[in-house]
There are 2 protein chains.
Amino acid sequence: MIPTSDDSPTLADVRSARVRIADLVRRTPVERSAVLSGKVGADVHLKLECWQPTRSFKVRGATNFVTSLSAAQLAPGLVTASAGNHGLAVALAARAAGTSLTVFLPSSAPRVKRERIRQLGARIEDGFATYDDAETGAMAFAEAQHAVFVHAFADPRVIAGQATVALEVLEDVPDVRSIIVPVGGGGLISGIGRVMKAVAPAVRVIGVQSTMTRAMHAAFAAGRVVDVPVPPTLADGLAGRTDDATFQRARSVVDEMVLVEESDIAEAIRTLFAHDVVTAEGSGAVGVAALLSGRVRPTGTAVVVVTGGNIDATVLAPLLAASTAS
Amino acid sequence: MIPTSDDSPTLADVRSARVRIADLVRRTPVERSAVLSGKVGADVHLKLECWQPTRSFKVRGATNFVTSLSAAQLAPGLVTASAGNHGLAVALAARAAGTSLTVFLPSSAPRVKRERIRQLGARIEDGFATYDDAETGAMAFAEAQHAVFVHAFADPRVIAGQATVALEVLEDVPDVRSIIVPVGGGGLISGIGRVMKAVAPAVRVIGVQSTMTRAMHAAFAAGRVVDVPVPPTLADGLAGRTDDATFQRARSVVDEMVLVEESDIAEAIRTLFAHDVVTAEGSGAVGVAALLSGRVRPTGTAVVVVTGGNIDATVLAPLLAASTAS
């Protein structure tokens, strides 16, 4: 096992993050899923991060980052790049901190994420072909403006914020044996994994990506970060690259990385809607997809993080219509 | 103003209900709606009862009722009649109390409500043409079985449980000037109204029904309970009669009853989904429908209770598809 980077957050960092973010971030419910528990033959619980104020877990890391900045750092306004949900989360945190924000978005960002970013008073720079292009543009802009760039995953303060999910899961499901986590850049699973290895090392940490958003999975397979294409996917929120520091962090705490197909994600969205009465976006449903498709087979109690719920009507309506036709 | 019935719950009853139900019932979030606030020109907040464990506020009253029963009363099992959400709520409370339950349902009850009632281990008696027929059947069955019948609205313990919504709203939105409440039988608005008149009499209490589920509205207009037909409606959860005691309770605390059209409800469901990222059922969306259609025009801060979120894919998919076509 490769040692974690020196600047990875400690358990103490995660605990202070929890206090610092409490005003903007909800302690979301954990619910047992009857349908998934029946399918798997063990208790499966859903951690409903799709019910955060911004409808994704990203508000945890963004808030922890922004509340750590000085007045001088906040003054010129902030800059970020995001597949959508991180931008929305930083927009909420920036408004609460009384500063402005520019969000660089790829064209894959859903309408609902754009609209809610604007509602929170942030400015959008649009039209980038990929998340990676948006990130490159945002970093150049931040440097030119002498503004702080809020990275979506590769920052210890962001990771410490995301890791607070794990503290809540351990309190609410003390017998958890597996935690199943959607993976984009890898900030959430790095944070959750770090807490689990420190506090509950028997918990298996399982990351899930779509075959269309497999940057971290490919890095695990190759032993290093590699370039992978990102075709259109239901899991738009997971689209983009990871980086070497985050890959090393993830590798030291993740037990398994799996891939699901787009059809698995569609079925997971339908199942969550029809049986658990939870509206999830594609990225938020990949963990459930891994269970339903049999790609992950937990032996004891499992918790799946349903990371987000920002899905456009144009995407959900045909998925639900397909289910009602069958 | 007509005096309330002698057995209407007191503020002390509501406060003890809040303590008694705390284990099964969530303190749901209140969120400002940007789109509704813009439409109305005043702050509009959503009380998200659609995120209760059973996806409706009904769990409050049902839990307060069931936890008030003695072991001897619980022993033979419980009986209820419901448009769906109350049955689901009693099913959760009965399971927690370790007793059985039979739920009488009208044929209008959505698939998702039936499935979740069964998941909780309750038995369903089905095929009644209307809620009223189901209630008649359930009461006869309860008498024959010497079992306790858990009425959906006409019971002071149920009303006291529903009224806990008002305590939370007053704490979370202290400047509230109007509260807009979906009305079926009238239990929720009787409870909320009673708290408001006791603690915050400046708050205007506004009830909303669909033109297809207008039993309480018709009683207000006639000054007495009258028979009204209940054609199929998006607001299936509001379908059914009220009774004289509940009408008198409601009349003493409700400032205004309004009706919305089915098309208003459809638009409200679409707006909540697309702009607030909240999936509501038709009954849960009638308050929003009243604001969007201009049938209610609040002058100060308003809170709308989004009472439920149990909507079938077969209902939501065509509604969302219609919005994306426009």
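Which residues are buried in α11(B)? Keep that question in mind as you read these notes on a predicted model.

1. **The answer, and what lies over it.** In helix α11 of chain B, the buried residues are B:Thr246, B:Phe247, B:Gln248, B:Arg249 and B:Ala250.

2. **A closer look at B:Thr246.** This threonine sits in α11(B), the helix that spans residues 244-251 of chain B. The cut-off for buried is under 20% relative accessible area, and B:Thr246 counts as buried because its relative accessibility is 0%. Its side chain makes a polar contact of 2.6 Å with the side chain of B:Asp243. Leaving aside residues up to four places away in sequence, B:Thr246 touches B:Phe153, B:Ala154, B:Gly185, B:Gly186, B:Gly187, B:Ser190 and B:Met216.

3. **An enclosed strand in chain A.** Now move to strand β8 of chain A, residues 204-210. Six of its seven residues are buried, so the rest of the structure largely encloses this strand. On one hand, β8(A) pairs with strand β7 (residues 178-182) of chain A, in the parallel sense and over five bridges. To see one of these pairings, look for A:Ile180, whose bridge partner in β8(A) is A:Ile206. Between the two strands the chain passes through helix α10 (residues 187-199) of chain A, and this β-α-β crossover is right-handed.

4. **The other partner of β8(A).** Strand β9 (residues 256-260) of chain A also runs parallel to β8(A), and five bridges join the two. Here you can look for A:Val208, which stands opposite A:Val258 in β9(A).

5. **A β-α-β unit in chain B.** Strand β4 (residues 101-106) and strand β5 (residues 123-128) of chain B pair in the parallel sense, with four bridges between them. One pair to find is B:Thr102 with its bridge partner in β5(B), B:Arg123. Together with helix α6 (residues 111-119) of chain B, these two strands make a right-handed β-α-β unit.

6. **How the chains are related.**

7. **The interface in numbers.** Across the interface, 32 residues of chain B are in contact with 32 residues of chain A. The two chains bury about 2,400 Å² between them, and 59% of this is on carbon and sulfur atoms. Of the area that chain B buries against chain A, 22% comes from B:Trp51, B:Arg55 and B:Val277, more than from any other three residues.

8. **A:Arg26, with contacts in both chains.** You will find A:Arg26 in the loop between α1 (11-21) and β1 (30-32) of chain A. Not counting residues up to four places away in sequence, it touches A:Trp51, A:Gln52, A:Pro53, A:Arg55, A:Arg60 and A:Glu168, along with B:Pro29, B:Glu31 and B:Trp51. Within chain A, a polar atom of the A:Arg26 side chain lies 2.8 Å from the backbone oxygen of A:Trp51. Towards chain B, the side chains of A:Arg26 and B:Glu31 are joined by a polar contact of 2.9 Å.

9. B:His275 is in helix α12 (residues 262-276) of chain B. Its relative accessibility is 24%, so B:His275 counts as partly exposed. Along the chain, B:His275 and B:Val35 are 240 residues apart, but their C-alpha atoms are separated by 6.7 Å.

Conventions
Residues are numbered from 1 along each chain as its sequence is written. Chains are lettered from A and ligands numbered from 1 in the order in which they are written. This is a predicted model: local features need pLDDT of at least 70, side-chain atom pairs count only at pLDDT 80 or more; totals for chains, interfaces and linings use all residues. Side-chain values use heavy atoms; hydrogens and water are left out. Buried means under 20% relative accessible area, exposed over 50%, partly exposed in between (1.4 Å probe, protein chains only). Two strands pair if DSSP finds at least two bridges between them. A crossover is right-handed if, with the strands pointing away from the viewer, the path from the first strand over the helix to the second runs clockwise. A polar contact is a pair of N or O atoms within 3.5 Å; within protein, one must be able to donate a hydrogen and the other to accept it, and residues adjacent in sequence count only if both atoms are side-chain atoms. Contact means heavy atoms within 4.5 Å. Buried area is the accessible area (1.4 Å probe) that two parts lose on being put together, summed over both.
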